[in-house]
Amino acid sequence: MSQATASKQRVCPACGEGRLEPRESTQQVEHAGVEGTIRVRYAVCDVCGSEVAEADEARANKRAMMAFRKDA
């Protein structure tokens with residue numbers, strides 16, 4: 001494993017042992033009576049299974065929701 005790859009891997013904040021693997025899924029949302037689907041980003045620990053949305057993922061998720069609300 002190269003140093004660049006190792007530096008990109010994130011340690012799980014819940015168990016401190018696992019590595020966080022990035023994931024994407026869709027989520028049903030509703031705003032002002034309009035229903036839709038947004039893409040959400042998060043990471044899953046390969047040891048304990050915890051799902052975590054750190055700062056970058058949370059920011060992307062917030063932007064996706066704000067875009068949906070604007071369109072609604």
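Analyst: First, a definition: strands are DSSP runs of E with at least two residues, numbered from the N terminus. V40 lies in one of these, strand β3, residues 34-45. Note that this is a predicted model.

User: Why is V40 called buried?

Analyst: Buried means under 20% relative accessible area. V40 has 10% relative accessibility, so V40 counts as buried.

User: What does V40 touch, beyond residues up to four places away in sequence?

Analyst: Contact requires heavy atoms within 4.5 Å. By that test V40 touches R23, E24, S25, Q27 and N61. As for R63, its C-alpha is 9.9 Å from that of V40, and 23 residues separate the two in sequence.

User: Where is N61, and what does N61 touch?

Analyst: N61 sits in helix α2. Not counting residues up to four places away in sequence, N61 touches R39, V40, R41 and A53.

User: Why is N61 called buried?

Analyst: The cut-off is under 20%. N61 has a relative accessible area of 16%, so N61 is buried.

User: What makes the approach of N61 to R41 a polar contact?

Analyst: A polar contact needs a pair of N or O atoms within 3.5 Å, one able to donate a hydrogen and the other to accept it. The N61 side chain reaches the backbone nitrogen of R41 at 2.7 Å.

User: How many bridges join β2 to β3, and how many join β3 to β4?

Analyst: Twelve bridges join β2 to β3, and the two strands run antiparallel. There, Q28 stands opposite T37 in β3. Two bridges join β3 to β4, again with antiparallel strands. Here V44 stands opposite E51 in β4.

User: Which residues have a positive phi in the hairpins?

Analyst: In the hairpin of β2 and β3, with two residues between the strands, A32 has a positive phi near 55 degrees. A32 is a residue other than glycine. The hairpin of β3 and β4 has five residues between the strands, and G49 in its turn has a positive phi of about 80 degrees.

User: Is A32 buried or exposed, and why?

Analyst: Exposed means over 50%. A32 is at 63% relative accessibility, so A32 counts as exposed. A32 is placed in the loop between β2 and β3.

User: How many disulfides are there, and why?

Analyst: The count is zero. A disulfide is a pair of cysteine sulfur atoms within 2.5 Å. The sulfur of C15 has its closest cysteine sulfur, that of C45, at 3.7 Å, which is too far for a bond. For C45, the closest cysteine sulfur is in C48, at 3.7 Å, also too far.

User: Why is the protein chain called more spread out than a compact globule?

Analyst: Start with the elements: two helices and four strands, running α-β-β-β-β-α from the N terminus. The radius of gyration is 15 Å, while the globule rule gives 11 Å for 72 residues. The value is well over the rule, so the chain is more spread out than a compact globule. The C-alpha trace spans about 45 × 25 × 15 Å along its principal axes. Buried residues make up 24% of the 72 residues.

How values were computed. Residues numbered from 1 in each chain as written. Predicted model: local features only at pLDDT ≥ 70, side-chain atom pairs only at ≥ 80, totals over all residues. Heavy atoms only, no water. Buried < 20%, exposed > 50% of the residue type's maximum accessible area, 1.4 Å probe, protein only. Rg over C-alpha atoms; globule rule 2.2 N^0.38 Å. Pairing = 2+ DSSP bridges.
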